[in-house]
Amino acid sequence: MSWGLEGPVSTHVPVLRIGDVLLVTLQGELHDKAAEQLQQDIGEAVAGSSAGAVVIDVSGVEIVDSFLGRVFAEIAANAKLLAAATVVAGMRPAVAITLVELGLTLPGLRTALDVQEALRMLAPPSSPLSPGQGRQENA
Amino acid sequence: MTETSGRVAACLPIRSDTDLAWVRQHVRQAAAEVGFGLVEQTKLITAASELARNTLVHGGGGQVESVFLDRGHARGLRLTFTDEGPGIPDVERALTDGYTSGAGLGLGLGGARRLVHEFSIDTSPGHGTSVTVVCWVGVPPRPREEAR
């Protein structure tokens, strides 16, 4: 059986900074080594930029196995120790169903339906009418 | 019982993490060809990824063979992961969630079993391991009998 010449690509995943947030967008196949590299890159980016949050956009990821799930959990744990919150955004329903059946529910991981929602969750509480009385979202 | 006929789709090596990605890609294409829906495809690819990683990490590398199955009106896909590694001394224990001999979460075998319709292991210490999984199109998930 042939499936063309182009193999699964393993590229360096870019970490973008948007204000106080580091945005990481994952696409398609992620090799184990690329995932581990990402973990290291995010740790360094958080420490070096004093970013307060990391958003991992997984809407382009078709498969999350226990290895990649563990990488997400470890990224979040690392970031937390570096005083940053992590939100995994845009998980596909089929991936969520599979992870639960696999037994990997990632209880410590914050999630959002998409990046916009994630950014809203992470935005500092600001209410022009009652300064200082903003809603505290998950300390 | 209707006779099951099979046609080998591919036999792929599992020697590196690049091969793991190839296995996932192949299973994705084969599963789509058989006619699995999106959720079933995702489950099967994920199970394949877990098992291929076991073959690589615990078995020291090996191969996977995929076979298109035809049983009357039912179509399916069978994947057999084979290694020549140390084998699994206690299969029941290896299937228990949380048990791991490596650095993983210990969800690989038991988790993969939950994602497929049929699951079997042939292993003995010193003689390698062969794990076979089968998924059928349109068959509801197996009941959760293992409430351990």
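Reply: Happy to. By class, the lining of the largest cavity has six nonpolar, two polar and seven charged residues, where Ala, Val, Leu, Ile, Met, Phe, Trp, Tyr, Cys and Pro count as nonpolar, Asp, Glu, Lys and Arg as charged, and the others, Gly among them, as polar. Please keep in mind that this is a predicted model, with local features needing pLDDT of at least 70 and side-chain atom pairs counted only at pLDDT 80 or more, while totals for chains, interfaces and linings use all residues. Residues are numbered from 1 along each chain as its sequence is written, chains are lettered from A and ligands numbered from 1 in the order in which they are written, and side-chain values use heavy atoms, leaving out hydrogens and water.

A cavity here is a set of points, on a 1 Å grid over the protein atoms alone, where a 1.4 Å probe fits but cannot get out; lining residues have an atom within 4 Å of a point. Two cavities of 30 Å³ or more turn up, and the largest holds about 120 Å³, the volume being the space filled by probe spheres set on points joined across faces, edges and corners. Its lining has 15 residues, with E29(A), L30(A), I63(A), L68(A) and R24(B) nearest the centre. At least two lining residues come from each of α1 (32-49) and α2 (66-81) of chain A and α1 (17-34) of chain B; helices are DSSP runs (H or I, at least four residues) numbered from the N terminus.

R24(B) also forms a salt bridge with D65(A), their closest N and O atoms 3.8 Å apart; the rule asks for a side-chain nitrogen of Lys or Arg within 4 Å of a carboxyl oxygen of Asp or Glu. Across the interface of chains A and B there are seven salt bridges, and over all chains the count is 10. In another, D17(B) meets K33(A) at 3.1 Å, N to O. D17(B) lies in helix α1 of chain B and K33(A) in helix α1 of chain A, so this pair joins two chains.

Methods
On a 1 Å grid over the protein atoms alone, a cavity is a set of points where a 1.4 Å probe fits but cannot get out, and a pocket is an open set with protein on both sides within 12 Å along at least five of seven lines; lining residues have an atom within 4 Å of a point.
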